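Have a go at each task before you read its solution.

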Amino acid sequence: MSEKRFQEVLAKIPYSVCVVTVGLGGLENGLTISWLSQVSFEPPMLAFSIDKQHYSAELVEDVPNFVVNLLAEDQLEIAGHFAKRSMTGDSKIEGVDYRTTETGLAILTDALAYYECDVVAQHEAGDHWIIIGEVTDAAILNDGAPLTSAQGLRYKK
Ligand SMILES: Cc1cc2nc3c(=O)[nH]c(=O)nc-3n(C[C@H](O)[C@H](O)[C@H](O)COP(=O)(O)O)c2cc1C
């Protein structure tokens with residue numbers, strides 16, 4: 001199978017679109033992700049996959065926790081904003097409505113829900129890291145349907 005065909009078939013898998021926020025003390029950042037899944041009931045755990053080359057991947061290596069912000073179906077613009085590539089030391093969070101967790105991570109107030117996680121494991125998966133987090137706090141913030149890859153948003157190389 002050609003690489004192009006392979007990617008087309010993989011693109012049939014549906015995903016929710018989220019913003020993961022990471023970092024502390026002036027090195028806060030957020031990035032749009034879609035490769036996310038619940039991976040345990042007890043304790044509740046989420047895992048996401050991050051490209052080793054992303055600026056945010058460096059931050060994830062250094063911090064003990066992260067927040068997954070589940071975007072609402074009308075938050076395409078926010079998804080686009082956080083999908084922009086950071087310059088080193090650049091933060092995309094300024095200018096977006098947010099509040100902070102007790103540990104200082106950003107919760108996007110217009111998101112549908114958030115899940116605050118402690119990093120419990122990191123595994124190599126080809127050109128990505130799989131980051132596994134135990135959910136320590138979570139809440140529904142707003143009513144509505146989630147933003148999904150079915151709305152034409154795709155994570156491409
Ligand atoms: C719909 C969508 C889904 C994405 N999903 C992921 C993902 O699951 N993992 C990832 O590493 N990057 C994903 N990206 C790409 C990052 O958001 C993008 O490369 C971003 O520039 C990285 O931010 P940074 O430079 O601040 O680290 C996705 C982008 C879009 C538009």
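A residue counts as near a molecule or strand if its C-beta atom, placed from the backbone, lies within 6 Å of it. Before you start: this is a predicted model, where local features need pLDDT of at least 70, side-chain atom pairs count only at pLDDT 80 or more, and totals for chains, interfaces and linings use all residues. Residues are numbered from 1 along each chain as its sequence is written.

**Exercise 1.** Find out which residues and elements surround the ligand.

*Solution.* Start with the count: 21 residues surround the ligand, and W35, H54, S56, S86 and Y155 are the closest. Next, look for elements, meaning DSSP runs numbered from the N terminus: helices (H or I, at least four residues) and strands (E, at least two). Those that give two or more residues to the shell are β2 (29-33), β4 (45-51) and α2 (55-62). The largest share, four residues, comes from β2. Finally, sort the shell by class: ten residues are nonpolar (Ala, Val, Leu, Ile, Met, Phe, Trp, Tyr, Cys and Pro), four are charged (Asp, Glu, Lys and Arg), and seven are polar (the others, Gly among them).

**Exercise 2.** Work out the strand order of the open sheet, and why one side of β2 and of β3 has no neighbour in it.

*Solution.* Two strands pair if DSSP finds at least two bridges between them. Zoom in on β3 and β4, which run antiparallel and are joined by four bridges. They make a hairpin with four residues between them, and L36 has F48 in β4 as its bridge partner. Over at β1 and β5, there are four bridges in the antiparallel sense too, and T21 stands opposite V67 in β5.

**Exercise 3.** Is E116 buried or exposed, and what does it touch?

*Solution.* Then count other C-beta atoms, placed from the backbone, within 10 Å: 20 or more means buried, 12 or fewer exposed, and in between partly exposed. E116 has 21, so it's buried. For touching, the C-beta atoms must lie within 7 Å. Skipping residues up to four places away in sequence, E116 touches N65, V67, T101, L105, T136, D137 and A138. Take V67: it sits 49 residues from E116 in sequence, yet they're 4.4 Å apart in space, C-alpha to C-alpha.

Conventions: Two residues are in contact if their C-beta atoms, placed from the backbone, lie within 7 Å.
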